[in-house]
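Please keep the sequence and the model at hand while reading.

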Amino acid sequence: MAEPARHLRVRDLQEKKLRGEKIAMLTAYDATMARLFDRAGIDALLVGDSLGMVIEGYDTTLPVTLEAILHHTQAVTRGVRRAFVVADMPFLTYQLTVTDAVRNAGKLIQQGGAAAVKLEGGRAVVDIVARLVEAGIPVMGHLGLLPQHVHQLSGYRMQAKSEAEADQLVADAKALEEAGAFSIVLESIPAEVARAVTREVRIPTIGIGAGPFCDGQVLVSYDAFGLNDESVPPFVRQYAQLADVLVEAAKVYAQDVRCGKFPSLDRHAGNGSGK
């Protein structure tokens with residue numbers, strides 16, 4: 001009899017880096033998608049504040065609340081048996097005070113069932129990272145393009161393009177590692193900068209628009225599988241066009257309903273439940 005699946009842990013991800021094994025990560029927002037990704041063998045799932053854009057219809061991640069992330073984290077964790085689940089900490093849930101950060105991160109772990117939280121920033125948040133780690137909460141960092149800083153950055157643009165900016169980013173990564181972060185997302189930075197960070201830190205780096213040299217990759221699932229039929233970042237590889245499949249299937253369903261082909265009497269009679 002096969003052994004039951006075991007949830008991946010922080011140490012499993014760190015050991016993948018040591019062995020040179022790439023980490024596959026996707027965003028997930030509900031139990032059904034989480035279950036499918038888990039079945040596919042995805043290592044880690046991020047309940048990202050990107051849900052503000054792909055689920056709630058906002059232009060940025062800034063309106064996302066802790067309650068929204070908590071709700072979706074609970075759904076995702078109910079859907080997985082193996083994948084490591086990380087919950088994003090929304091805007092202003094950790095920047096005000098360390099006490100707020102611990103309280104809010106604790107909810108995502110204790111009530112949401114997440115294995116870790118992710119927060120944005122470098123040396124400015126190292127004290128928060130250190131306190132969360134002291135409280136027993138694993139922390140994933142996030143450097144480069146910081147979506148919660150979109151107004152300060154004047155849009156979603158590649159970061160760390162100058163030598164000084166690259167040096168600062170490497171220093172931020174080291175500071176996060178020193179503070180106890182177990183991994184760092186690197187978003188929208190030059191591939192060579194991501195390579196330098198990956199070499200300089202002992203913890204796994206997870207790239208998104210940061211080239212092939214990171215220890216793993218993460219994509220917004222709605223982008224990767226063609227569910228987002230509007231603007232898609234240029235670095236995304238689309239592995240399916242599910243929006244087209246769903247639209248066509250919905251058209252066929254609507255046509256069947258309108259012309260009386262669904263439901264059919266014989267199918268209904270054969271279903272004892274009546275459902």
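The side chains of Asp256 and Lys261 meet in a salt bridge, with N and O 3.9 Å apart, where the term stands for a side-chain nitrogen of Lys or Arg within 4 Å of a carboxyl oxygen of Asp or Glu. The model is predicted, so local features need pLDDT of at least 70 and side-chain atom pairs count only at pLDDT 80 or more, while totals for chains, interfaces and linings use all residues. Residues are numbered from 1 along each chain as its sequence is written, and side-chain values use heavy atoms, with hydrogens and water left out.

**Exposure of Lys261**
- Lys261 is exposed, at a relative accessible area of 57% (exposed is over 50%, buried under 20%, and partly exposed in between, with a 1.4 Å probe and protein chains only).

**The pair Asp43 and Lys16**
- Asp43 forms a salt bridge with Lys16, and their closest N and O atoms are 3.8 Å apart.
- This pair links distant parts of the chain, 27 residues apart, with Lys16 in helix 1 (residues 10-19) and Asp43 in the loop between helix 2 (31-39) and strand 2 (44-47); helices (H or I, at least four residues) and strands (E, at least two) are DSSP runs, numbered from the N terminus.
- Asp43 is buried at 6% relative accessible area, and Lys16 also counts as buried, at 11%.

**The pair Arg19 and Glu21**
- Arg19 and Glu21 form a salt bridge through their side chains, at 2.8 Å from N to O.
- Arg19 is partly exposed at 48%, and Glu21 is partly exposed at 34%.

**Network and total**
- A network of salt bridges links Glu15, Lys16, Arg19, Glu21, Asp43 and Arg82.
- Across the whole structure, the search finds 16 salt bridges.
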